[in-house]
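Here is a short briefing on one protein chain. Topics run from the overall fold to single residues.

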Amino acid sequence: MMIPSWRKSLRDIPNYFQRSILENHLLFPGILTTLLSLGLWQIGAWKPLELLGFNLLFNVRHFLVPTNWDSRLAVIGIDDATLAQYGEFPLARDRYTQLLTTLEAASPAAIGFDILFIEPSHHDARLAEARENLPLVLVLAFILV
């Protein structure tokens with residue numbers, strides 16, 4: 001009795017391979033994606049792909065979501081031209097003091113600094129004086145050593 005069922009199972013082998021792998025193994029796409037992702041991560045190709053995706057989303061963001069920025073909002077950034085003019089990053093604290101003094105005339109509702117002032121400087125006292133009358137928000141970060 002076992003021989004006929006065994007012969008039948010041998011006849012089913014070609015049919016098994018004729019069906020697609022996806023029909024036989026529902027988890028195969030997930031396993032393949034995981035292995036591909038791990039392989040890209042191991043050879044160091046994942047980070048450039050991630051940055052490419054971020055850049056693509058950044059460039060098409062205007063088409064995806066309409067932005068209605070308030071015209072009173074201004075972002076002052078430190079770019080390559082600023083570094084070429086004033087020197088290496090981090091800039092001296094007196095540059096930030098000059099910026100705050102200039103912004104004070106505009107009576108801003110809020111000023112945010114996304115810069116960590118980690119090491120003390122001899123310009124700290126003047127920076128503290130410049131920010132006393134301004135609605136300044138500083139980043140708070142915990143540095144674990």
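A residue counts as buried when its relative accessible area is under 20%, as exposed when over 50%, and as partly exposed in between. By that cut-off, 10% of the 145 residues of the protein chain are buried. The model is predicted. Its secondary structure amounts to seven helices and two strands.

**Overall fold**

- The order of elements along the sequence is α-α-α-α-α-α-β-α-β.
- Among contacts in the protein chain with a separation of 6 or more, 57% join residues 24 or more positions apart.
- The protein chain has an accessible surface of about 13,000 Å². Carbon and sulfur atoms hold 64% of that surface.

**Helix 4**

- Helix 4 covers residues 46-64, which makes 19 residues.
- At 1.5 Å a residue, helix 4 should span 27 Å. Its end C-alpha atoms lie 25 Å apart, so the two values agree.
- Helix 4 also bends, by about 35°, at phenylalanine 58.

**Nonpolar core**

- In soluble globular proteins, nonpolar side chains tend to be buried together.
- The largest nonpolar core here has 10 residues: Leu91, Tyr96, Leu100, Ile111, Phe113, Ile115, Leu127, Ala130, Leu134 and Leu136.
- Leucine 136 is one of the core residues. Setting aside residues up to four places away in sequence, leucine 136 touches Leu100, Ile111, Phe113 and Arg131.
- Isoleucine 115, also in the core, sits in the loop between strand 1 and helix 7. Isoleucine 115 counts as buried because its relative accessibility is 16%, and the cut-off is under 20%.

**Salt bridge**

- Side chains of opposite charge can pair when their charged atoms come close.
- The structure has one salt bridge. Aspartate 124 and arginine 93 form this bridge through their side chains, at 2.3 Å from N to O.
- Aspartate 124 belongs to helix 7 and arginine 93 to helix 6, so the pair ties together parts 31 residues apart in sequence.
- Arginine 93 is buried, at 10%.

**Backbone exceptions**

- Most residues other than glycine have a negative phi, and most peptide bonds are trans.
- The peptide bond between phenylalanine 89 and proline 90 is cis, with omega about 0°.
- Proline 90 lies in the loop that runs between helix 5 (80-86) and helix 6.
- Serine 107 is not a glycine, yet its phi is positive, at about 50°.
- The loop between helix 6 and strand 1 holds serine 107. Serine 107 counts as exposed because its relative accessibility is 61%, and the cut-off is over 50%.

**Leucine 83**

- Leucine 83 is part of helix 5.
- At 27% relative accessible area, leucine 83 is partly exposed.
- Leaving out residues up to four places away in sequence, leucine 83 touches Ile78, Glu88, Phe89 and Leu91.
- Two of these contacts link to the topics above. Leu91 belongs to the largest nonpolar core, and Phe89 is on one side of the cis peptide bond.

How values were computed
Residues numbered from 1 in each chain as written. Predicted model: local features only at pLDDT ≥ 70, side-chain atom pairs only at ≥ 80, totals over all residues. Heavy atoms only, no water. Core = buried A, V, L, I, M, F, W, Y, C linked by side-chain atoms within 4.5 Å. Buried < 20%, exposed > 50% of the residue type's maximum accessible area, 1.4 Å probe, protein only. Contact = heavy atoms within 4.5 Å. Helix = DSSP H or I, 4+ residues; strand = E, 2+ residues; numbered from the N terminus. Areas by Shrake-Rupley, 256 points an atom, 1.4 Å probe, with all protein chains shown as cover. Expected span 1.5 Å × (residues − 1). Bend = angle between axes of the 7 residues up to and from the residue. Salt bridge = Lys/Arg side-chain N within 4 Å of Asp/Glu carboxyl O.
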